[in-house]
Amino acid sequence: MSLLLLNASNRIAQGFLKVAAESGKYEKIICADIFPTYFTVQRLLKFKQSLSANIELFKIGDRQDLHDVIKQANNVLYVSHDYYQTTASKKNLLVATLDLVKNRNYKTVAYVAPVEHDHQEEIDEWKHLEVEGRRFIPQLVGIRSDITFGPQSTFTNKLAQRIYNGESIYFQSTGQSCAPIFTGDLEQIVAQVLAGSHAGKLLLAKGHKHIDFKSIIHLIEDSLGTTYKANLNQSFIEKVIHPTNNCIIGQQLYCPSYINLTKLIANYKALENTGYDQVVGDKLVDIEEYHKNNKIVIDQSLKADYQLSYLVG
């Protein structure tokens, strides 16, 4: 039995890769990604070294590549990627994937759409895809997750890195609270799906505790150590040209991941339970308890070389 993990390079997908590899039930795991930069290849290769399973990497350059790699597996797990500038839309690759998958007989077809990987301009698009996808693929499982925290979180690790490096964080919040889910808990939900649970269901994965973004930042500060404090709105440049402003100058000043981070905080809308078949998350790790008992360690060995081309970061 084989598994195709689409968009495997990002942190959240790496957690799913670890779960699949350690399950021992896959003869082969194919990690496919568009790999837009060397850094995106490097981070997956480094993570792959910690796993002993048979893992192959595959670069997707066009629809034919996607068609070719889909034929090589009998289980498909799609994770929305964390690239914010190399693609105009997050939904196009998923649409193409579901279109190619619908005529093949797969045991499991699932996708995970973490809210922190959304293009903030199309945050309401997922519901339409979820409805359409299940019309043609009855066994399709969709997982929509709230903000994540933990070792494989894109969101909290990006914040922690900026706090650790003393970089400014442009902070304009809607005041809404989120229900963060621990990446380990999200990985267990995905493991259940890969084992055959929730077939044909649309799931909302969220934590049981609601918390605002400023409180999350304070928890991250405490986890880093007493000497680390977030520099919120301390940059003069950001006050003049803020990262959430869709202008050409801002796109040259700030790297895409930072722009999306600030937009996520500024535009966040709490995920409603309506429209989902099930809200998953029992006995979940508490975000406050986790950060109280675990120190965040920043891995500086991987440098995002593409960030060096931006004037601020």
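Helices (H or I, at least four residues) and strands (E, at least two) are taken as DSSP runs and numbered from the N terminus. The structure is a predicted model, in which local features need pLDDT of at least 70 and side-chain atom pairs count only at pLDDT 80 or more, while totals for chains, interfaces and linings use all residues. Residues are numbered from 1 along each chain as its sequence is written, and side-chain values use heavy atoms, with hydrogens and water left out.

The secondary structure of the chain consists of 12 helices and 12 strands. Of the 313 residues in the chain, 55% are buried (buried means under 20% relative accessible area, exposed over 50%, partly exposed in between; 1.4 Å probe, protein chains only). Contact is defined as heavy atoms within 4.5 Å. Among contacts between residues at least 6 apart in sequence, 84% join residues at least 24 apart.

A nonpolar core is a set of buried Ala, Val, Leu, Ile, Met, Phe, Trp, Tyr and Cys residues joined through side-chain atoms within 4.5 Å. The largest such core has 63 residues, and those with the most contacts inside it are Leu4, Leu66, Phe155 and Phe213. Another core, of 33 residues, lies apart from it and includes Leu5, Val112, Val141 and Val280. Neighbours within four places in sequence aside, Phe155 is in contact with Glu116, Ile147, Thr148, Phe213, Ile216, Leu261, Leu264 and Ile265.

The axes of helix α6 (residues 154-164) and helix α11 (residues 256-267) come within 11 Å and cross at roughly 110 degrees. Axes are lines fitted to C-alpha atoms, for helices over the stretch in contact, and angles run from 0 to 180 degrees between N-to-C directions. The two helices, α6 and α11, are therefore roughly perpendicular to each other (65 to 115 degrees). In this pairing, Phe155, Lys158, Leu159 and Arg162 of α6 meet Ser257, Tyr258, Leu261, Leu264 and Ile265 of α11. The residues of this contact comprise six nonpolar, one polar and two charged (Ala, Val, Leu, Ile, Met, Phe, Trp, Tyr, Cys and Pro count as nonpolar, Asp, Glu, Lys and Arg as charged, and the others, Gly among them, as polar).

Most residues other than glycine have a negative phi. Phe35, in the loop between β2 (28-33) and α2 (38-48), has a positive phi of about 40 degrees and is buried, with a relative accessible area of 8%. Asn233 has a positive phi of about 55 degrees; Asn233 is placed in the loop between β11 (231-232) and α9 (236-240) and is partly exposed at 25% relative accessible area.

Notes. Parallel < 35°, antiparallel > 145°, perpendicular 65-115°, else oblique.
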